[in-house]
Amino acid sequence: QVQLVESGGGSVQAGGSLRLSCAASGYTVRSACMSWFRQVPGKEREGVAGIYTTGSSPYYTYYADSVKGRFTISQDNAKNTVYLQMNSLKPEDTAMYYCAAVRLSCRNWKDYAYDYWGQGTQVTVSS
């Protein structure tokens, strides 16, 4: 049974940092497009960042324009875990953050029909 379990969310003041984790079980993150999405109630889900590596290839990372330079996605294949380091947080980053996985290359990471989703972790940024 595949599970993606997010953790690391919480409440932080603007300008602060959080590190989200997505631990996968029953699924190998290597050679998969692993992405973070976020959603605010009443709004469309937004792609935040994606990462892909075969393990022997470089890491390919992708970011939404709204988070470039502030967020960093990374992956630890040994731990089968994907991370999202979020710095310089803004109130508009407040959302439920979800991890998602699909066995594709991440080239069109925002548009894929992902096979697996986590349950989400809430991030709240106060001004």
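Me: A charge sits over a ring if NZ of Lys or CZ of Arg is within 6 Å of the ring centre and within 35 degrees of the ring normal. Which residue lies over the face of tyrosine 83?

Reply: This is a predicted model, where local features need pLDDT of at least 70 and side-chain atom pairs pLDDT 80 or more, while totals for chains, interfaces and linings use all residues. Residues are numbered from 1 along each chain as its sequence is written, and side-chain values use heavy atoms, without hydrogens and water. The distance to the ring centre of tyrosine 83 is 3.9 Å. The residue over that face is arginine 19.

Me: How far is arginine 103 from the ring centre of tyrosine 27?

Reply: Arginine 103 lies over the face of tyrosine 27. Its distance from the ring centre is 4.3 Å.

Me: How many aromatic pairs does the structure hold?

Reply: Rings of Phe, Tyr and Trp (its six-membered ring) pair if their centres lie within 6.5 Å; planes under 30 degrees apart are stacked, over 60 edge-to-face, the rest tilted. The number of aromatic pairs here is six.

Me: Is the pair of phenylalanine 37 and tyrosine 114 edge-to-face or stacked?

Reply: The two centres are 5.3 Å apart. The planes stand at 80 degrees. The pair of phenylalanine 37 and tyrosine 114 is edge-to-face.

Me: How many residues apart in sequence are the parts that this pair ties together?

Reply: Phenylalanine 37 lies in strand 4 (residues 33-39); strands are DSSP E runs of at least two residues, numbered from the N terminus. Tyrosine 114 sits in the loop between strand 9 (95-102) and strand 10 (116-117), so the pair bridges a sequence separation of 77 residues.

Me: Is phenylalanine 37 buried or exposed?

Reply: Buried means under 20% relative accessible area, exposed over 50%, partly exposed in between (1.4 Å probe, protein chains only). Tyrosine 114 has 8% and counts as buried. Phenylalanine 37 has 5%, so this residue is buried.

Me: What is the angle between the planes of phenylalanine 37 and tryptophan 117?

Reply: This pair links strand 4 with strand 10, 80 residues apart. Tryptophan 117 is partly exposed, at 30%. The centres are 5.1 Å apart and the pair is tilted, with the planes at 55 degrees.

Me: Which strands stand at the edges of the open sheet?

Reply: The sheet has four strands in the order 1-3-8-7, with antiparallel pairing; two strands pair if DSSP finds at least two bridges between them. Each edge strand has a single partner, so one side is left without a neighbour in the sheet. The edges are strand 1 (3-7) and strand 7 (71-76).

Me: What is the bridge partner of glutamine 3 in strand 3?

Reply: Strand 1 and strand 3 (residues 18-25) run antiparallel, joined by five bridges. Glutamine 3 has as its partner in strand 3 serine 25.
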